[in-house]
Amino acid sequence: MSIIKQNVSRIMNLVASSCNQVHRLSTEVCPIVVTKNRTAHEVQEMYDLGFRHFAENRVEKLLERQEQFPQEDIIWHLIGPLQKRKVKQVINRIDLFHAIDRLSIMDEIEKRLEQPLDCMLEINVSGEVSKHGFTTEEALDAYRASEQYEKIRIVGLMTMAPFDASDEEIRFFFSRLAQIAKTIEKEEGLEAPLYLNMGMSGDFEVAIECGATHIRIGTSWFEREED
């Protein structure tokens, strides 16, 4: 059995276990394969194992991936911040944009979109100065600002925990994002709950227990787990 297949089995078992802890179905969690720095062969193996959600954090790399993998059933995610000058290159070639992190980028996205696009608001829950995103206090107003656009569809919220955060801190940050989502849902009378995009290789189990619907995993799919 290949390392990738072993990792997939291990990770998906952890996803199922985390869901069971909080009485959720594993089908409620969408695992996204982050292909940054991976070979085409590695990405192909993930595709062959049934994965269809693939992500890159840079525009140029995502476009390269699409050239390598033209399959129509792949769902492409752009997960990194987007500069205004690069919006037109990529915005009509993705299925979900994870990182609307400021109001000004919405104008450019709306102007360039040829059809509606699912997007997520990036919320800087931890307040780190090095991170992009709206503050927790700005989240509701940011959602309301998005409602003026016809083609931008805000379907969820995204956040990342600090790299060196403790398990307790990670749980607090992820729970806080879930609370913000519920506030927006209530204030705006949303019929469908917002997606919660949080959790990566080192903290996706906690994220799932806090309500994550999308988890972004890269290295852990591909490399041998350290003892």
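Visitor: Which residues does Phe 97 touch, and what makes them contacts?

Guide: Leaving out residues up to four places away in sequence, Phe 97 touches Leu 78, Gly 80, Leu 82, Ile 109, Leu 117, Asp 118, Cys 119 and Met 120, and each is called a contact because contact means heavy atoms within 4.5 Å. This is a predicted model, in which local features need pLDDT of at least 70 and side-chain atom pairs count only at pLDDT 80 or more, while totals for chains, interfaces and linings use all residues. Residues are numbered from 1 along each chain as its sequence is written, and side-chain values use heavy atoms, with hydrogens and water left out.

Visitor: What makes a set of residues a nonpolar core, and which residues have the most contacts inside the largest one?

Guide: A nonpolar core is a set of buried Ala, Val, Leu, Ile, Met, Phe, Trp, Tyr and Cys residues joined through side-chain atoms within 4.5 Å. The largest such core has 69 residues, and Phe 97, Ile 100 and Leu 121 are those with the most contacts inside it. Helix H7 (residues 167–188) gives the most to this core, with 8 residues; here helices (H or I, at least four residues) and strands (E, at least two) are DSSP runs, numbered from the N terminus. A second, separate core has 5 residues, among them Ile 32, Val 34, Ala 55 and Ile 79. In soluble globular proteins, nonpolar side chains tend to be buried together.

Visitor: How do you know whether Phe 54 and Trp 76 are buried or exposed?

Guide: Buried means under 20% relative accessible area, exposed over 50%, and partly exposed in between, with a 1.4 Å probe and protein chains only. Phe 54 has a relative accessible area of 1%, so Phe 54 is buried, and Trp 76, at 7%, is buried as well.

Visitor: Why is the aromatic pair of Phe 54 and Trp 76 called what it is?

Guide: Rings of Phe, Tyr and Trp (its six-membered ring) pair if their centres lie within 6.5 Å, and planes under 30 degrees apart count as stacked, over 60 as edge-to-face and the rest as tilted. By this rule there are 3 aromatic pairs. The ring centres of Phe 54 and Trp 76 are 6.4 Å apart with the planes at 45°, so this pair is tilted. Phe 54 lies in strand E2 (residues 53–56) and Trp 76 in strand E3 (residues 75–78), 22 residues apart, and the pair thus links distant parts of the chain. Phe 172 and Phe 173 form an edge-to-face pair, 5.8 Å from centre to centre and with 65° between the planes. Of these two residues, Phe 172 counts as exposed at 53% relative accessibility, whereas Phe 173 counts as buried at 14%.

Visitor: How do you know where Arg 24 is found, and what does its side chain reach?

Guide: Arg 24 is found in the loop between helix H1 (3–21) and strand E1 (30–34), and its relative accessible area of 14% is the reason that Arg 24 is called buried. The side chain of Arg 24 reaches the backbone oxygen of Ile 208 at 2.8 Å. This is a polar contact because such a contact is a pair of N or O atoms within 3.5 Å, where within protein one must be able to donate a hydrogen and the other to accept it, and residues adjacent in sequence count only if both atoms are side-chain atoms. Beyond residues up to four places away, Arg 24 touches Cys 19, Val 29, Ile 208, Gly 211, Ala 212 and Thr 213.

Visitor: Is His 23 buried or exposed, and what is its phi?

Guide: His 23, also in the loop between H1 and E1, has 76% relative accessibility, so His 23 counts as exposed. Its phi is near 60°, a positive value in a residue other than glycine.

Visitor: What makes the protein as compact as a globular protein of its length?

Guide: The protein has 9 helices and 8 strands. Its radius of gyration is 17 Å, close to the 17 Å that the globule rule gives for 227 residues, so the protein is as compact as a globular protein of that length; the radius is taken over C-alpha atoms, and the rule is 2.2 Å times the number of residues to the power 0.38. Buried residues make up 50% of the 227 residues.
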